[in-house]
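Work through the exercises below with the structure open beside you. Try each task before you read its solution.

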Amino acid sequence: MPNVSVNGIVIDDTFAEAFGMRATAIIITAPNRKWARQAAVTMTGFATSVIGCGCEAAIDVELPPSATPDGRPGCRVMIFAMGTDELQKQLLNRVGQCVLTSPGSACFAGLEGSAALKLGSALRYFGDGWQISKKIGGRHFWRVPVMDGEFLCEATTGLTKAAVGGGNFFVMAETSARALLAAEVAVAAIGLVPGAIVPFPGGIARSGSKIGGKYKGMIASANEAYAPTLRGVVRSELGADINAVLEIVIDGETNDAVAAAMRAGIKAVIELGPKRGAVRISAGNYGGKLGKFIYSLKDMLP
Amino acid sequence: MKALTFTLVAEPPERLDLSLLTAERLAGIERRDFEKIRIGMSKHGSKVGDIFRVAGNNLLDVVFEGGSARLDRVAEGMRGGSVRVVGDAGAQAGRAMRGGTLTIEGNAGPHAGSGMRGGRLEITGNAGDHLGGPLAGELAGMNGGVLIVRGKAGAFAADRMRRGLIAVLKGSGDHPGSRMIAGTLVVAGGAGEMPGYLMRRGSILLDRAPKSLSPSFVECGAPESVFAALIDRHLIAEGILKRPLLGNAPQRYGGDNAVLGMGEVLFPR
């Protein structure tokens, strides 16, 4: 394969393959940045992969007070799932258990979508009859009495069917520390791209998987071609210089958001250079047969 | 198309019913017949042509040039477009309107915005009693939309209000928000006696402590309120107020416990 080399980093001639998903977004605000983040981090915990978590969720961007509906610091959180019903269930469970409970929080719609998902219109029942409905400027809010005042929550938020999940690339390095640094700079760069999230721990997955496995019931299992300890044992994708591979998995509100996030992440890895970070960049796919969205790495170069 | 303009020629000799001069009611009438519409309410039986000089033909942009306290039922039931009164209006201005904008650049009489369901009614001067309130025998008052009074309002503003937003900026008479069913009433500049008397639900937002409250209101503390921040920002964004009304943690009174008791009176501490 005619791989190209940019700034001393080999870019594989391959592509990332991604799927259509359903997504929604909410804006969480709190009295300060710490507690806005806390509510957002809590509600996006255990949301790395739809394989075992029901949804994929993370903070999209942090919002300054000037950009939130109530003038307090906030976070835009995105949630992705394979179907509308599961997305609705995950949204209500997570906001109900993690945002409603978080001190001083409020919750607003973060997306104008093709359809509406219930938010406050379901959580209002926590008010046990003392909840107050308010319409302000065409938007509908519920005020639910809680022990530090009121939990204010917009009645609904939007759903988009144009979301894309599973955009990805691999950073491959000579040591674990270099792979981690390269992945970290990529995650930091993607954090600035609106409408895209990296749902894995700190945005990084070390257990990139293949579909299925030798054991019955395994939906996904070790991607042995990219496991350095198996380099001599199986048909490996890794050369002698690679001792660590980390995957960045990207979900986006749109096809464009995923592409923008991949570009930003790859650019950051390339700028870091092969001496401190990755010596090679690749991507995961299923041969192009399963996913509707294809992101060729050579189109994602800066 | 030029705005359909009714220029007042002389002070009307009788009360006038202008509810016939909205886009909806004029739509089926030939332009040349407008002058013949009877609007007088007494034995004078004044016609449009006796009172106004009519110009223009855009039904969605109506202007009453020159006002009088005898111009009753301006823009009643309007659904869209804009109506502007350059001067005073009489009773029931904008009654039962459902959409569009009505601007009164002067004072309005009693029952302005009575039972309105949508749209925006702005009165730059003062409004009479029963602002947005129901007529005798009706169960609910204002049921949606935005009603702004830049001057003072009379007694019983927002009586039996059910939905929407009323903002009175230079003070109201007694019993604002009486018998409110729901909705939001803002009174800056001081409210009269006993705001929220017999209110069931809804919010009355004041810029200062009320001079009296019915004894069936109870003190509910002053926790931080996102709702207060939200409504403050909305009022400023809509150009209704210039500075925040409530602040982040307004004092709250709940009531009226003589009835359902789920309403609230909020004001800055």
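**Exercise 1. A pair in chain A**

Which residue does Glu150(A) form a salt bridge with, and how far apart are the closest N and O atoms?

Solution. This is a predicted model.
- Step 1. Find Glu150(A); its salt-bridge partner is Arg143(A).
- Step 2. Read the distance: the closest N and O atoms are 2.9 Å apart.

**Exercise 2. Across to chain B**

Find how Arg143(A) is linked to chain B, and describe the contact between the two chains.

Solution. 
- Step 1. Look for a salt bridge between the chains. The rule finds one across the interface of chain A and chain B.
- Step 2. Name its partners. Glu264(B) pairs with Arg143(A), and their closest N and O atoms lie 2.7 Å apart.
- Step 3. Follow shared partners. Arg143(A), Glu150(A), Arg252(B) and Glu264(B) are joined into one network of salt bridges.
- Step 4. Take in the whole contact. Chain A gives 22 residues and chain B gives 16 residues.
- Step 5. About 1,400 Å² is buried between chain A and chain B, and carbon and sulfur atoms give 62% of that. On the side of chain A, Lys134(A), Ile136(A) and Arg143(A) lose the most area to chain B, together 34% of what that side buries.
- Step 6. Count the polar contacts between the chains: six residue pairs, both residues at pLDDT 80 or more.

**Exercise 3. A helix in chain B**

Solution. 
- Step 1. Apply the cut-off: buried means under 20% relative accessible area.
- Step 2. List the buried residues. They are Val226(B), Phe227(B), Ala228(B), Ala229(B), Leu230(B), Ile231(B), Asp232(B), His234(B) and Leu235(B).
- Step 3. Inspect the N-terminal end. Ser225(B) caps it, with a side-chain oxygen 3.4 Å from the backbone nitrogen of Phe227(B).
- Step 4. Look just past the helix. Gly239(B) takes a positive phi of about 75 degrees there.

**Exercise 4. Backbone in the loops**

Where do Phe46(A) and Asp128(A) lie, and are they buried or exposed?

Solution. 
- Step 1. Locate Phe46(A). It sits in the loop between α1 (33-43) and α2 (50-53) of chain A.
- Step 2. Move to Asp128(A), in the loop between α4 (120-123) and β8 of chain A. Phi of Asp128(A) is near 50 degrees, also positive in a residue other than glycine.
- Step 3. Judge Asp128(A). At 66% relative accessibility, it counts as exposed.
- Step 4. Turn to chain B for a cis peptide bond. The bond from Gly255(B) to Asp256(B) is cis, with omega near 0 degrees. Asp256(B) is in the loop between β14 (251-255) and β15 (263-267) of chain B.

**Exercise 5. Neighbours of an arginine**

Which residues is Arg70(B) in contact with, leaving aside its neighbours within four places in sequence?

Solution. 
- Step 1. Find Arg70(B) in the loop between β4 (58-65) and β5 (71-72) of chain B.
- Step 2. List its contacts: Glu11(B), Pro12(B), Pro13(B), Glu14(B), Arg15(B) and Leu16(B).
- Step 3. Arg70(B) has 31% relative accessibility and counts as partly exposed.

Key. Residues numbered from 1 in each chain as written. Chains lettered and ligands numbered in written order. Predicted model: local features only at pLDDT ≥ 70, side-chain atom pairs only at ≥ 80, totals over all residues. Heavy atoms only, no water. Buried < 20%, exposed > 50% of the residue type's maximum accessible area, 1.4 Å probe, protein only. Helix = DSSP H or I, 4+ residues; strand = E, 2+ residues; numbered from the N terminus. Polar contact = N/O pair within 3.5 Å; in protein donor to acceptor, adjacent residues only side chain to side chain. Contact = heavy atoms within 4.5 Å. Buried area = accessible area lost by both parts, 1.4 Å probe. Salt bridge = Lys/Arg side-chain N within 4 Å of Asp/Glu carboxyl O.
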